[in-house]
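Here's a quick briefing to read with the model open beside you. Let's start with a single residue and then zoom out.

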Amino acid sequence: MKKNVLFLTLVAIFMCNTAFAQMFTLNPNAQNENFVSSNSKSYYKLGLCADEFDVEGGLGLSNMTAEIYAMAKLSADFVTPYVGAEIAGINVGVCKTVNNVTVFVRETSTGANIASKTLTSLQPGWTEVIFDEPLALENKTYYIGYHIPVLPAATYAIGATEYSAATQDALLLSIDNNELTDYTASFGALTVQMLLTGEFENIAEITEVVLGENQELNSDIDIPVKVRNTGTNDITSLELTYSLGTNAPAQQSFNVNMAAGSSAQTVTLEDVVMNMSGEFSVAITKVNGISFEGTPATVSVTAYNANTTAERKILLEQFTTEMCGYCPAGAARIKNVIEQDEFKDRVNWVAHHAGFYTDSYTIPESESYLRFYGGGGTYAPAMMLDRTILTGNVPVMGVGSETQIANYFRAALNAPTTISVYITQENSVATDRKVKITAQGYDRSGTPPTEDLYVVIFLLENGIVSNSQSGGGAGYVHNNLIRKVMNGAAGTKIEWNGNAYSVTAEATLPEAWNAENMDVVAFVAKDYMNPLNNVKVLNSEKTELSMTSSTAIDNVFDNDISFYSENGTIVVKGEYTSINVYAIDGKEFKNNNLPKGIYIVKVENNGQNIVKKVMVK
């Protein structure tokens, strides 16, 4: 199959794609941002897109001519504040000249047009298309968009903006009358807006609530809320009403300075108590002191008990091959982010040589993991974090900009876990190249989950020099390369002993592998064959492969390090970077005023873990 370049972000980060068929792409020839703005004051503009868009960055089909329907869904809740106005027409933004375009309003995505107008051509930029008769805006869902009977191949005409007041259904596209596909997650919102007539003096909308999905139970937090003035008056005051779960609604008021037509500004809800899990909802209820029924913005919140959470490290699985010319740059971006202080030693990176053809480093398990792409084609460079869907509909996503990667890391690290992971080794690599790895840990909630969980153990090799890497030049170095999945792609099902687990796997290293450059990664995950929205990795750990038996509980890791207790504190003699103290049941303690008993002490030193039992007398 012919290989094509797929552009998935507005910053033109490239991917090598192996299954390209009837998919929209950004204009590959766009080099400079050339924004056009809709500055009309004649009508009030209501839509999910921004007023500005890059006229050089349109969407199209690189390899085929097709009939196109493009539309955005405006929900009944979204249009409620504007009921009573009239729809005079539709503001349409395109990036290339298109002919015989019909602009329409519908009540369903495939229903009849309730208002429409056909134009001989649309020119690049914004065009106000005014209907012959205005349409009364009612409290119902509307679809607004346009029909292009013939869009030539490689005509990147469809406009989109990154800003969207919706997380889905803001960019719906159909090719040759096939089913509409939602491209919002990939490209943003279609550049279409209702043009309304009526009274719109004091109107505002919430564009984003900056609140992580997971919050510590009973914590008091500040929540930034981004608000945009969408009315014709300047705004000097706002009232926001918010609630969490079944809590009674509360209000906070703000003095602001928001000019009409200005970009979104941030106000901050202060000292909001996260006392339960549920939907956090916030709405604008007054603008300039006048009551207003704004569309609520909601975020799902999980309030977790910090006393039962375990130290979390996320699993980054990269998809790359030597055939992929854009993969070295993708790996460099990942490396730059991982080395930031915020993420150092918190991200366990492994590399599957699959996704864009195969190479001499590809193993069968990595090919089987291509199911995480969801069957819609594969590409590289790609990555997934904890096998969790962070964007789009599947766990695998593109390697975006460093800013995007960092934001994905933050989102993954924000998810708490009660499952701990420790790695111990009983190896004889130096004599017979045999390794015996044990992954063990606890469910610190005290009650193991009823859902089946699995442990998977990887062996990695670093420092592999290659002269065959496309885009890498001579002497390119592969790191984090998965050499072996020690217990199979699906891993080993956990058999709980109370709230503890232990899984052991053994292997013999081929002579060609440099054991001194190898690492071990172990992780706990949901069933590999679950639906792709339920395959999450719950926690992971990474350590260097030891040449001899090491890090086994009850054995001292190094002659230079020793443990003992004194006055309710566990003392470590020797160099180390961090220490964690756990009871036998997995509950973590601060290392002071410890009650008498036996504790498991985990010490990290230069990337290696030391685990030992210590008695406090």
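Is T320 buried or exposed? T320 is buried, because its relative accessible area is 7%, and the cut-off for buried is under 20%. Keep in mind that this is a predicted model.

**Around T320**
- You'll find T320 in the loop that runs between strand 28 (314-319) and helix 3 (327-338).
- Leaving out residues up to four places away in sequence, T320 touches C327, A351, H352, H353, A354 and A380.

**Around P224**
- P224 sits in strand 21, which covers residues 219-229.
- This proline counts as partly exposed, because its relative accessibility is 25% and that class lies between 20% and 50%.
- With residues up to four places away in sequence set aside, P224 is in touch with E208, V209, V210, T266, V267 and T268.
- Along the chain, P224 and Q265 are 41 residues apart, and their C-alpha atoms are separated by 9.8 Å.

**The whole chain**
- The protein chain has six helices and 49 strands.
- Its radius of gyration is 28 Å, close to the 25 Å that the globule rule gives for 617 residues, so the chain is as compact as a globular protein of that length.
- Taken along the principal axes, the C-alpha atoms fill a box of roughly 85 × 60 × 40 Å.
- Of the 617 residues, 52% count as buried.
- Look at contacts with a separation of 6 or more, and 70% of them are between residues 24 or more positions apart.

- In soluble globular proteins, nonpolar side chains tend to be buried together.
- Here the largest nonpolar core has 86 residues, and the members that touch the most others are Y146, M194, L196, V209, I223, L269 and F280.
- Another core lies apart from that one, with 26 residues, including L453, Y501, A505 and M518.

**The cavity**
- The count comes to one cavity of 30 Å³ or more.
- About 70 Å³ of space lies in the largest cavity.
- Its lining is made up of E311, R312, K313, S420, V421, Y422, N539, S540, E541, Y582 and K602.
- By type, those lining residues split into five charged, three polar and three nonpolar.
- Strand 42 (residues 537-544) gives the largest share of the lining, with three residues.

Definitions and conventions. Residues are numbered from 1 along each chain as its sequence is written. This is a predicted model: local features need pLDDT of at least 70, side-chain atom pairs count only at pLDDT 80 or more; totals for chains, interfaces and linings use all residues. Side-chain values use heavy atoms; hydrogens and water are left out. On a 1 Å grid over the protein atoms alone, a cavity is a set of points where a 1.4 Å probe fits but cannot get out, and a pocket is an open set with protein on both sides within 12 Å along at least five of seven lines; lining residues have an atom within 4 Å of a point. Grid points are joined across faces, edges and corners, and a volume is the space filled by probe spheres set on the points. Helices (H or I, at least four residues) and strands (E, at least two) are DSSP runs, numbered from the N terminus. Ala, Val, Leu, Ile, Met, Phe, Trp, Tyr, Cys and Pro count as nonpolar, Asp, Glu, Lys and Arg as charged, and the others, Gly among them, as polar. A nonpolar core is a set of buried Ala, Val, Leu, Ile, Met, Phe, Trp, Tyr and Cys residues joined through side-chain atoms within 4.5 Å. Buried means under 20% relative accessible area, exposed over 50%, partly exposed in between (1.4 Å probe, protein chains only). The radius of gyration is taken over C-alpha atoms; the globule rule is 2.2 Å times the number of residues to the power 0.38. Contact means heavy atoms within 4.5 Å.
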